Number of protein chains: 2
Amino acid sequence: MKEHHIPKNSIITVAGTVGVGKSTLTKTLAKRLGFKTSLEEVDHNPYLEKFYHDFERWSFHLQIYFLAERFKEQKTIFEAGGGFVQDRSIYEDTGIFAKMHADKGTMSKVDYKTYTSLFEAMVMTPYFPHPDVLIYLEGDLENILNRIEQRGREMELQTSRSYWEEMHTRYENWISGFNACPVLKLRIEDYDLLNDENSIENIVDQIASVIHDNQKK
Amino acid sequence: MKEHHIPKNSIITVAGTVGVGKSTLTKTLAKRLGFKTSLEEVDHNPYLEKFYHDFERWSFHLQIYFLAERFKEQKTIFEAGGGFVQDRSIYEDTGIFAKMHADKGTMSKVDYKTYTSLFEAMVMTPYFPHPDVLIYLEGDLENILNRIEQRGREMELQTSRSYWEEMHTRYENWISGFNACPVLKLRIEDYDLLNDENSIENIVDQIASVIHDNQKK
């Protein structure tokens, strides 16, 4: 395997809309670098089911739960000395999902203000271990919808096209204002992890240069 | 005024049950040391009134709100370079009030677990700016009840004696297990800030020695 120039203690986070391929890249990249993975914890969530039955009653609880879990995960990664690839960032919980609830009224303005002020106090500070690079996966909506189709998760298949369209737009708006750490944008149409072994090498090189460019600052 | 030996950047937090005299000591001490005060923010709280009408519905929101506000306050104090006396600590929100809700069932076990895991992730870490000394005010329940009587706050006067008795016991249990930072215990029967000018000098000397003892560690 070709030598790579990504520091052993790097923290790499993969962001992007539902179905765009975060988990696949997270696992492939971690394997290639000999890094550990930090994957989304879905099953122990005590609020998800209650939330799906009553958005307004439980959206605040759900988002606070995600914030706590993500914050702990980030600290564990930092205290373990880095060397992790992380599937979805703490920034998306706030910038995409909590914001969507607030815009749609499923989270009250007061609750959203409490939530975001907690997020800013906890995360948007030098004490919080921000990733060395956030890889932002983007792609054409049609390609992403095909992937969601192929993946075949029941809840996702029942979700309306307009929801995915809105999510796609929200992600584009979010990343355009994102500056909490260095970003590497990858188009899913430009690589093929499953059928082209070289794809990952090219991505590794791009990550290394982003990290190096920012370490010189 | 006599020279004192408390470092200019110290963070001093005053803890103790309702009515024991935290605010009086906070203000007198800050004035004597030329420090700033960090006082309890009661009026902007968007949940307090809703909470008093429906404990179970709003206890989680209220406690998360306090946690966010207290966390921001602690960071502001730290980033201002210290030199503050703080009225009530972030530890009491969790150790006394949130715990009381959980014990009485006004906060569900799931919510309490989410809340405490967030608190531990955020606060019980070396990154969090813990106070240089926590002054714990204690006293006989009868003396404290007299003070509450004299203070004459409507909501406190309507609160049953058993509530204050329970709070008194909870504080004793809490402080016996507290170890997040150095503690100076003061009995309210041992000083009189209003009528004895020397009282504050004696307290200042005790604070200085606690801070110095712990700086040598």
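Leaving aside residues up to four places away in sequence, Glu156(A) touches Val18(A), Ile148(A), Arg151(A) and Trp164(A), where contact means heavy atoms within 4.5 Å. This is a predicted model, in which local features need pLDDT of at least 70 and side-chain atom pairs count only at pLDDT 80 or more, while totals for chains, interfaces and linings use all residues. Residues are numbered from 1 along each chain as its sequence is written, and side-chain values use heavy atoms, with hydrogens and water left out.

Glu156(A) belongs to helix H7 of chain A, residues 154–157, a helix being a DSSP run of H or I with at least four residues, numbered from the N terminus. With a relative accessible area of 11%, Glu156(A) is buried, a term for values under 20% with a 1.4 Å probe and protein chains only.

Turning to the interface, 26 residues of chain A are in contact with 26 residues of chain B. The area buried between the two chains, that is, the accessible area (1.4 Å probe) lost on putting them together, summed over both, is about 2300 Å², and carbon and sulfur atoms give 66% of it. Arg57(A), Leu118(A) and Tyr127(A) supply 23% of the area that chain A buries against chain B, more than any other three residues. On the side of chain A that touches chain B, helix H3 (55–79) and helix H5 (109–122) are the elements that give two or more residues, and H3(A) provides the largest share, 14 residues.

Key. Chains are lettered from A and ligands numbered from 1 in the order in which they are written. Buried means under 20% relative accessible area, exposed over 50%, partly exposed in between (1.4 Å probe, protein chains only).
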